[in-house]
Amino acid sequence: MTLEQIESIFNKLQGGSSLSLQLLKIKVSAKNKTSYSTCKVNLSPEGRLTHFVGEISDHYKKEFKKYHTVKEYDGSADAQTIYELPAENVLICDEFKTLQEAISKPDVEINPLKFSASAQLIKETLSINGEDYRIKLFSMQNPITTLRHKFWESSGTFSEIDNKVLSLRTNLDIIIIDDTAYMLSMAGEKLFNIERAYKGICLQKVAAVEKMCIVTDFELFRTCASSGHNPRRFVAFNDEHLKKLENSDDRRRLAEKFGLPLLEGKFDTTQNGVSEKLVKLLCNKGMVDPFDDLPMEVSSPRKWE
């Protein structure tokens, strides 16, 4: 879906036919499995939720000016990009199915103020140009707030309010349109516990590098690859690039181009910065400037069109 199409959906949010509000609880087990439960919330007076969704729509008519493009999620963190994740993506496929099941069966009996919410969820079905869209809007903050240092006035005296209240937010972090998720902010990663997924991918790909025997000190490479910002880079890991490095001539050519020292035909990861550069090259973050023919780091390359 293009940026313009997503924006058009936001512009028509108030026109939904089945508007509802839910609180969402996200639980991650000791084995890093993600589970979800939902709680239905009713607002009064009638039409208040519709009015609130209109506020979200008005907010994003201005907010959309900051976005430049929509692209597939690749582990990068560009605030001007909306990241797209289809339901079948390996990073979210299990969680997506579990989440949809939880949303379809909200708890209608529990007191929402006693529900340990992780996020706010609004559901809508929109019809645009004769086509229906199933919309889910998520704000990844606990909407239940305990008031502190708030007072109400009665007969000239102010009494402290210490109740829990529902505090709805117009800022969204992720939306689901039919069977595709669109991340409006990096906080959207929390919905599907994506950190767990990209760390798992990192472990798999680092193991593949070990089997290739192309680095002098694998433990130094592994430590670098699995720390800091590097694990999320492995979402964009290029298997074809790794396969090419099996060839000693290709390793020599790449080493010369990107200033990577070799020792007995292997990348010398005992030298400072070599492991970091190799991670970037394997994860599509290293390219050659077409004008100066010099190596450079890029945030997220795309095919030439």
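## Helix H1 and its buried side

Which residues are buried in helix H1 (residues 3–11)? In this predicted model, the buried residues of H1 are Leu3, Ile6, Ile9 and Phe10. Because they cover an arc of only 125° around the axis, they sit on the same side of H1.

Together with Tyr60, Phe64 and Tyr67, Phe10 forms one aromatic cluster.

## The chain as a whole

Let's step back for a moment. The protein chain has nine helices and 16 strands, and its C-alpha trace spans about 85 × 45 × 40 Å along the principal axes. Of the 305 residues, 41% are buried. The chain exposes about 17000 Å², with 47% of that supplied by carbon and sulfur atoms.

## Aromatic pairs

The count of aromatic pairs comes to eight. One of them joins Tyr73 and Tyr83: the ring centres are 5.9 Å apart and the planes meet at 80°, so this pair is edge-to-face, the cut-off being over 60 degrees. The two residues are 10 apart in the chain, with Tyr73 in the loop between strand E3 (69–72) and strand E4 (81–86), and Tyr83 in strand E4. Are these tyrosines buried or exposed? Tyr73 has a relative accessibility of 3%, so Tyr73 counts as buried; Tyr83, at 0%, counts as buried too.

Phe234 and Phe237 give a stacked pair, with 5.7 Å from centre to centre and 10° between the planes. Phe234 is at 1% relative accessibility and therefore counts as buried. Phe237 has a value of 9%, which means that Phe237 is also buried, as the limit is under 20%.

## A lysine over a ring

Which residue lies over the face of Phe115? Here you can look for Lys25, placed at 5.1 Å from the ring centre of Phe115.

Now for a look at two strands. Strand E8 (residues 150–154) pairs with strand E9 (residues 157–161) over five bridges, and the sense is antiparallel. Across this pairing, Trp152 stands opposite Ser159 in E9.

How many residues lie between E8 and E9 in the hairpin? There are two, and Ser155 in the turn has a positive phi of about 55°.

Conventions:
Residues are numbered from 1 along each chain as its sequence is written. This is a predicted model: local features need pLDDT of at least 70, side-chain atom pairs count only at pLDDT 80 or more; totals for chains, interfaces and linings use all residues. Side-chain values use heavy atoms; hydrogens and water are left out. Rings of Phe, Tyr and Trp (its six-membered ring) pair if their centres lie within 6.5 Å; planes under 30 degrees apart count as stacked, over 60 as edge-to-face and the rest as tilted. Helices (H or I, at least four residues) and strands (E, at least two) are DSSP runs, numbered from the N terminus. Buried means under 20% relative accessible area, exposed over 50%, partly exposed in between (1.4 Å probe, protein chains only). A charge sits over a ring if NZ of Lys or CZ of Arg is within 6 Å of the ring centre and within 35 degrees of the ring normal. The arc is that of the directions from the helix axis to the C-beta atoms. Two strands pair if DSSP finds at least two bridges between them. Accessible areas come from the Shrake-Rupley method with a 1.4 Å probe; for residues, only the protein chains shown count as cover.
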